[in-house]
Each structure stands twice: as C-alpha cells, then as structure tokens.
Amino acid sequence: MKPVSLIQFLIEERRAGNINAELSLLIEVVARACKRIGVATGKGALGGVLGEAGTGNIQGEAQKKLDVISNEILLEANAWGGHLAACASEEMEDPQQIPDGYPKGQHLLLFDPLDGSSNIDVNISVGTIFSVLRCPDGVTEPKAEHFLQPGTTQLAAGYVVYGPSTVLVLTFGYGTHEFTLDREVGSFILSRRGIRIPEATAEFAINMSNQRHWQAPMQRYVGELLAGKEGPRGKDFNMRWVASMVADVHRIVTRGGVFYYPLDAKIEKQGGKLRLMYEANPMAFIVEQAGGAATTGRQRIMELQPGGLHQRVPVFLGSKAEVEVATHYHLEADGALG
Ligand code: P6P
C-alpha cells in the first residue's frame, strides 16, 4: 500500500472537515521542529548538548542543555509561522507572545519540550509533548489565564518519542494515529491509523520507590497487582518504569498497560508530580481517543478546570478497565460511591 505522509494525512483531515488550514499548518511546524530536536538529541556526547545548562526552570528543576535547546527550537519555529497567538512551556514561567510584526493566529500552543530529560545523559528515550488550544476571541496578547481551559477543549495533542525510531503520535479528536520518521527522506510516515489500547492489561508502570508514601487505596491496589495469581486479581502482573513519561505512555499506546503517578506524602502539597496543561491533558486526550482512560484517581483528567499554567496533578492512565479498578478503589476509600 502507498505510504501516507503526515502532510497527506493532514490534507485528508482538512478534507474531512476535522481540522482547518491554520491548525494543519501549525502541526506541520511543530513536527518539523521536533525533527530538529530529534537531530539535537541524537548527537549525544558528540554534539556538546549533554549535561546541565547551569540554569533552573519555573519548576525549580535544573535544566539540561537539551531542555533549553529544545525549548528554543520550538519557540523559533513557531514565532513566524503565523498560526499562533502565544506559546506556553514547562521551561518558561509565563507564556511567550508572538513578537510584534510577526503574523498571529488563533491557536495557543503548550509544550514540554523535552520530557524525561534526566534520561538524556544515560541515552534513554525522551520526548516532546504538545497540546493545542483555541485563543479566546478578541484576545490579542494572551496571558496565562487564557490558557487555563479544560483538556476537553484541546483541538490537538501529540508527542514525539526520540527512541530507536522517532515516532509522532497525534490526535485531533478523531482517533489516535502514529507516524514514524523516515530519516532518509525526512518525512513522518503514517505507521498506525486508529490506534486502540487493549481494555485489559497485565502490565503496570509506577515508581515503586514511593510506595511507603502512597495513600491507602494505592497501597491496596498495587499490593493486589504484586500478589499476582494467588491474590484477589487472580493473575500475575509485569512492571515497567522508564521514568520518561513519553516512553512509558508510548509503550501503553503500542501494547496496552497502565501508568500511575499518584499523590504521595512527598508531593501531596504540590498536587502531584506531572503537569496538567502540557503533560497530563495531552496524554489524556491521546489515550482516550485510543479507547483508554485517564483520571486523577478520582476524576477524569480532561474535565479538570485548570487553576494555574504549571499546575500538577496525579495521573492514572492507560487500559480502561485497569484504570477504572484503581480509580474505583480511590473513590470507595473517599466514600464517594454512595
Ligand atoms: P520519577 C520526568 O522527569 C517526568 O516528568 C516524567 O517524564 C516521568 O514519568 C516522571 O517525571 C518520573 O518521575 O519520580 O520516577 O523520577
């Protein structure tokens, strides 16, 4: 069958009325920027891009050189594209306006330019996560509050995983689709259309070192997974934890599974570890469009009304039936099941 490039796919989506020209062109710009990020990360020790940048971000985290480089690549690519009103990034406290004199569009782009960057120096897969919202009508200088829209309002969401192959996974709300980068040609080629995540799974991803800090329902739930065949679940489970959300989520999108970053006593005050606007919401959109589920353990992630650009939330996502079991235990423990 003739390969379908990302560009051809976007034309199909425009013809189907699923997206407009501006959103289509925005996704092309983001995909092209991610190819450049992939080249930079691929240089490794030879590109002088490893190690710390010697700076910190809004999260109070030490920035890797590639965090800064990736952020710059996405900002530069989108400054003159003409499809955006503003960008927001994990690496920047406030949104970045499109410079005066540059053409502006009606979209807001949010991204984690290089998620899992602590893995870069040990050559483990990392990725870029992005989300697209509509800029409220009449707003010409979008501020943080204009980005604070629930995940259900996303127009598009995607990630690019820089692994053995460079893979873009994308949704506009009409299914989740995968594109693999043909490095010889430089095009993203459709490799999976209409991905479906298996409802059931026997594979979970969580950082077990936090176990003693988890809330009681999470202790109960994971304890049952670890009990395996002899326990109440009646089957053995396998565990994975890459500590790179994009890599863990891509495994789940590819073969099923669940990913948990629950509240624990260490991070309860900050509301969780992962960021709602440019990690949890886009991944939730992608997973739900592939038939999976994404909750905070207590409610659907995409229905949360954001309170801040860098707000953190607990994340339970992946195979629907398994996420529902973990969420049920939390609601039951809260007495919220009536
Ligand atoms: P921990 C990476 O820093 C990240 O934001 C996600 O990509 C990843 O899933 C998580 O944090 C890993 O957290 O506590 O296991 O290092």
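The following legends describe close-up views of a predicted model.

Figure 1. The domain assignment divides the protein into domain 1, residues 6–192, and domain 2, residues 203–333. The centres of the two domains, taken over C-alpha atoms, are 24 Å apart. Contact involves 49 residues of domain 1 and 32 residues of domain 2. About 2900 Å² is buried between domain 1 and domain 2, and carbon and sulfur atoms give 62% of this area. Ile129, Leu148 and Tyr159 together supply 20% of the area that domain 1 buries against domain 2, more than any other three residues.

**Figure 2. The side of domain 1 that touches domain 2.** Strand β6 gives the most, with seven residues. By residue class, this side of domain 1 comprises 25 nonpolar, 17 polar and seven charged residues.

Figure 3. One salt bridge is found across the interface of domain 1 and domain 2. Glu90 forms a salt bridge with Arg275, with the closest N and O atoms 2.4 Å apart. Arg275 also meets Glu279 in a salt bridge, with an N to O distance of 3.1 Å. Arg275 is buried, because its relative accessible area of 5% is under the 20% limit. Glu279 likewise counts as buried, at 0% relative accessibility.

Figure 4. Ser117 is placed in the loop that joins strands β5 and β6. The residue is buried, with a relative accessible area of 11%. The side chain of Ser117 makes a polar contact with the side chain of Asp67 at 2.9 Å. Apart from neighbours within four places in sequence, the residues in contact with Ser117 are Lys64, Asp67 and Val126.

Figure 5. Side chains of opposite charge can pair when their charged atoms come close. The count for the model comes to 15 salt bridges. One of them joins Glu203 to Arg251, the closest N and O atoms being 3.5 Å apart. This pair links distant parts of the chain, since Glu203 belongs to strand β11 (residues 203–205) and Arg251 to helix α6 (residues 245–255), 48 residues apart. Glu203 is buried at a relative accessible area of 10%, and Arg251 is buried at 12%. Glu203 and Arg251 are linked with Asp248 and Arg255 in a network of salt bridges.

**Figure 6. The salt bridge between Arg298 and Asp334.** Arg298 forms a salt bridge with Asp334, in which the closest N and O atoms are 2.5 Å apart. Arg298 lies in the loop between β15 (293–295) and β16 (312–313), and Asp334 lies in the segment after α8 (320–333), so the pair ties together parts that are 36 residues apart in sequence. Arg298 is partly exposed, with a relative accessible area of 30%. Asp334 is partly exposed as well, with a relative accessible area of 40%.

Methods. Residues are numbered from 1 along each chain as its sequence is written. This is a predicted model: local features need pLDDT of at least 70, side-chain atom pairs count only at pLDDT 80 or more; totals for chains, interfaces and linings use all residues. Side-chain values use heavy atoms; hydrogens and water are left out. Domain bounds come from an automatic or database domain assignment. Contact means heavy atoms within 4.5 Å. Buried area is the accessible area (1.4 Å probe) that two parts lose on being put together, summed over both. A salt bridge is a side-chain nitrogen of Lys or Arg within 4 Å of a carboxyl oxygen of Asp or Glu. Helices (H or I, at least four residues) and strands (E, at least two) are DSSP runs, numbered from the N terminus. Ala, Val, Leu, Ile, Met, Phe, Trp, Tyr, Cys and Pro count as nonpolar, Asp, Glu, Lys and Arg as charged, and the others, Gly among them, as polar. Buried means under 20% relative accessible area, exposed over 50%, partly exposed in between (1.4 Å probe, protein chains only). A polar contact is a pair of N or O atoms within 3.5 Å; within protein, one must be able to donate a hydrogen and the other to accept it, and residues adjacent in sequence count only if both atoms are side-chain atoms.
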